[in-house]
Amino acid sequence: PDIGLNDAAKVANVSTTHFSALFSQQMGKTFVEYLTEIRMERAKEMLRYTDMKSGDIAEKVGYNDPHYFSFLFKKINGCSPRTYRAAASPEDGVSPAPCIAKSACPDERSESNETLYG
């Protein structure tokens with residue numbers, strides 16, 4: 001899980017600048033945005049289907065700082081990992097929508113989330 005732009009560019013055998021430009025053109029988002037999206041999706045799966053602690057999930061998906069992971073998770077999904085886990089219901093087999101869409105944690109909404117999802 002510990003991968004970055006430099007690693008990806010090295011594997012592709014191109015400069016980081018060139019890789020970044022090509023990636024953005026092809027994917028419509030930056031490498032970091034894409035990587036964050038993948039990491040957050042995996043974290044949400046782990047929150048729904050395991051009883052792992054949030055800090056352990058953070059490490060598994062590539063974040064060494066559990067506080068940064070929680071901050072970023074809340075910024076992207078509209079609620080904390082703990083609240084997301086509480087709102088998720090793996091029994092029905094349906095992925096829960098982001099917390100804001102489900103209104104699972106309206107008390108955790110911030111103005112920055114209003115602009116992201118509003």
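This report describes the fold, helix packing, nonpolar cores, salt bridges and local backbone geometry of a predicted model.

## Overall architecture and confidence

The protein chain contains eight helices and zero strands, so that its elements, read from the N terminus, run α-α-α-α-α-α-α-α. Of its 118 residues, 31% are buried. The chain exposes about 7,600 Å², and carbon and sulfur atoms supply 52% of that area. Among contacts between residues at least 6 apart in sequence, 45% join residues at least 24 apart.

The mean pLDDT of the chain is 82, with 74% of the residues at 70 or more. Over residues 102–118, pLDDT stays under 50, and the model has 28 contacts beyond four places in sequence for this stretch. Where pLDDT is low, the predicted coordinates should not be read in detail.

Helix α3 covers residues 31–49.

The buried residues of α3 are Phe31, Leu35, Thr36, Arg39, Met40, Ala43, Lys44, Met46, Leu47 and Arg48.

## Nonpolar cores

The largest nonpolar core comprises 13 residues, and those with the most contacts inside it are Met40, Ala43, Ile57, Val61, Tyr63, Phe69 and Phe73. Helices α3, α4 and α5 each supply at least two residues of this core. The largest share, four residues, comes from α3.

A second, separate core has six residues, including Ala9, Phe23, Phe31 and Leu35. Ala9 lies in helix α1 and counts as buried, at 1% relative accessibility. Not counting residues up to four places away in sequence, Ala9 touches Val14, Ser15, Thr16 and Phe19. Ala9 and Ser20 are eleven residues apart in sequence, with their C-alpha atoms 8.0 Å apart in space.

## Salt bridges

The structure holds three salt bridges. In one of them, Glu37 pairs with Lys29, the closest N and O atoms being 2.7 Å apart. Both partners are partly exposed: Glu37 has a relative accessible area of 37%, and Lys29 has one of 23%.

Another pair joins Glu41 to Lys44, with the closest N and O atoms 3.0 Å apart. Both residues lie in α3, three residues apart, about one turn of the helix. An α-helix has 3.6 residues a turn, so residues three or four places apart point the same way. Glu41 is partly exposed, with a relative accessible area of 40%, whereas Lys44 is buried at 7%.

The remaining pair is formed by Glu45 and Arg42, for which the closest N and O atoms are 3.3 Å apart. Being three residues apart in α3, Glu45 and Arg42 are likewise separated by about one helical turn. Both are partly exposed, Glu45 with a relative accessible area of 35% and Arg42 at 43% relative accessibility.

## Backbone geometry at Asn13

Asn13 lies in the loop between α1 (5–12) and α2 (16–27). Although Asn13 is not a glycine, it has a positive phi of about 60°. Most residues other than glycine have a negative phi. Asn13 is exposed, with a relative accessible area of 71%.

Methods
Residues are numbered from 1 along each chain as its sequence is written. This is a predicted model: local features need pLDDT of at least 70, side-chain atom pairs count only at pLDDT 80 or more; totals for chains, interfaces and linings use all residues. Side-chain values use heavy atoms; hydrogens and water are left out. Buried means under 20% relative accessible area, exposed over 50%, partly exposed in between (1.4 Å probe, protein chains only). pLDDT is the predictor's confidence in each residue, from 0 to 100. Contact means heavy atoms within 4.5 Å. A salt bridge is a side-chain nitrogen of Lys or Arg within 4 Å of a carboxyl oxygen of Asp or Glu. Accessible areas come from the Shrake-Rupley method with a 1.4 Å probe; for residues, only the protein chains shown count as cover. A nonpolar core is a set of buried Ala, Val, Leu, Ile, Met, Phe, Trp, Tyr and Cys residues joined through side-chain atoms within 4.5 Å.
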